[in-house]
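Q: Please go through some of the labels used for this model and set each value against its definition.

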Amino acid sequence: MAQLRTNVASQTSTMSLPYARIWQNVILTGSTAINIIVYLVIARALGPYLFGSYLFAQWLATVTVPAIGAGMSTLSSRQIAATQSRESPRLMAGIFYFLWYRQHRSILLYCLVYVGLSLALTHVFHDFTPGLLLLSSLATLPLLLSSVAGITLRSLRRSDLLTLLHLFGNLLTLLLIIISTQVNGRPVEAFILAFALANTITLVLAVICVMHLLPMDQALAPGIFLRERLARNMYQSRFHFALDAIVWQRSELLLLACWYRPEQLGFYALGSIVSTRIIGLAPSLFSQWIFPLFVRYLPRHRYLNQYDAFVRTSCYIIFLAVPICTMLILLSPTIVVACLGNSYLPMVKPLRILLIAAVFGSIATVGLTHMTNHEHYDSRHLQQMQRKLNMGVATLKILLAIPLIIFFGMTGAAFASALAQIVSALISILLCKKLLLRHNTLL
């Protein structure tokens with residue numbers, strides 16, 4: 001969620017929007033569109049029942065990755081990249097090796113945990129076989145190593161290479177998925193293998209880029225204090241991830257799988273994926289396109305202070321997120337029929353409920369970014385308060401989700417999830433407001 005970059009100091013620049021940045025934004029937009037097409041092709045090829053099985057297996061394979069893999073969460077990845085970027089090239093190469101071998105141990109732990117988890121869950125979820133769940137983990141393993149290469153490229157400030165690699169991976173995935181649609185008999189397994197192959201090839205290219213940018217043959221091993229700092233950055237956000245997984249990462253799918261068939265899982269999971277993408281849409285439009293245009297064509301556009309930037313940026317996000325979500329709520333039946341067919345119409349109701357929460361999630365990205373980037377004591381204190389309050393939100397969601405899912409199915413799951421997300425977003429907004437008001441008062 002914390003992808004919005006509201007840097008107040010950057011507004012003083014009167015330079016035009018660089019063509020490189022425009023090109024990068026176009027590539028990101030195209031990559032997102034390709035990813036959407038991949039899901040549409042798979043949904044049409046499998047149908048609601050098999051597509052539900054596929055989405056649940058995919059979610060189960062990836063939901064625990066940030067907790068186990070080093071640097072897989074957004075917060076830890078950014079902190080490790082910042083630490084690595086301050087070192088010399090030879091030491092950066094040594095940090096890459098340190099993270100690479102550390103990640104192999106994480107892969108072993110992931111395999112052990114996932115094998116036991118998949119075997120145990122097949123006794124609870126009778127519609128899923130151990131083979132399907134284990135095969136889904138195969139496509140996830142390259143992602144654990146790709147995170148190390150991504151952190152290193154980010155520390156080298158080569159976001160252009162990361163963007164191109166992401167685009168290449170999505171294009172290759174789309175090509176392999178289209179080929180897999182011609183496989184008769186076991187299309188789910190063919191799609192999972194297509195993802196695994198695409199992720200592996202993209203990983204190889206990322207490692208080749210790192211080897212060409214750093215003197216790998218002259219790498220210096222990081223010292224004990226640097227290793228301790230890197231290890232602390234790797235795993236300090238696990239508790240935060242656990243709360244995020246409950247509130248924002250479709251944890252209610254486990255309860256749905258206990259009482260409902262895979263097609264219900266597919267309808268809800270697809271609606272949840274759409275709403276999650278919409279959360280980042282308005283902040284991305286503002287940070288990548290609208291704000292740079294403000295700086296270029298409105299040079300007198302100034303923020304008075306950080307609190308003023310927070311309020312005005314939040315208003316801009318509201319003016320973007322509300323029309324987008326309103327339009328999708330009204331047109332969702334038409335869009336679903338046009339893209340997926342009449343068989344996917346049951347996903348419209350939970351999607352509409354989740355889109356209401358998406359508005360609040362988009363607005364909360366502004367506050368989350370300010371609190372994450374704030375280095376003062378007040379920020380750390382309020383972040384601890386936020387974790388405690390989010391523990392209560394996670395507990396509230398669990399208590400609501402169990403009876404609502406039992407009696408109302410995916411509609412109840414959507415209501416419980418939307419309520420928890422709205423409360424969590426409001427907490428982030430109010431705490432950020434308190435932080436910035438206090439900071440401006442001290443100034």
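Q: Why is F51 called buried?
A: Buried means under 20% relative accessible area, exposed over 50% and partly exposed in between, with a 1.4 Å probe and protein chains only. F51 has a relative accessible area of 0%, so F51 is buried. This is a predicted model, in which local features need pLDDT of at least 70, side-chain atom pairs count only at pLDDT 80 or more, and totals for chains, interfaces and linings use all residues. Residues are numbered from 1 along each chain as its sequence is written, and side-chain values use heavy atoms, with hydrogens and water left out.

Q: Why is Y344 called buried?
A: Y344 has a relative accessible area of 2%, so the label buried applies to Y344.

Q: What makes F267 and Y344 an edge-to-face aromatic pair?
A: Rings of Phe, Tyr and Trp (its six-membered ring) pair if their centres lie within 6.5 Å; planes under 30 degrees apart count as stacked, over 60 as edge-to-face and the rest as tilted. The F267 and Y344 rings are 5.9 Å centre to centre, with 85° between the planes. F51, Y54, F195, F267 and Y344 form one aromatic cluster.

Q: Why is α5 called roughly parallel to α7?
A: Axes are lines fitted to C-alpha atoms, for helices over the stretch in contact, and angles run from 0 to 180 degrees between N-to-C directions. Angles under 35 degrees count as roughly parallel, over 145 as roughly antiparallel, 65 to 115 as roughly perpendicular and the rest as oblique. The axes of α5 (residues 130-155) and α7 (residues 187-213) cross at roughly 20°, which makes α5 roughly parallel to α7.

Conventions. Helices (H or I, at least four residues) and strands (E, at least two) are DSSP runs, numbered from the N terminus.
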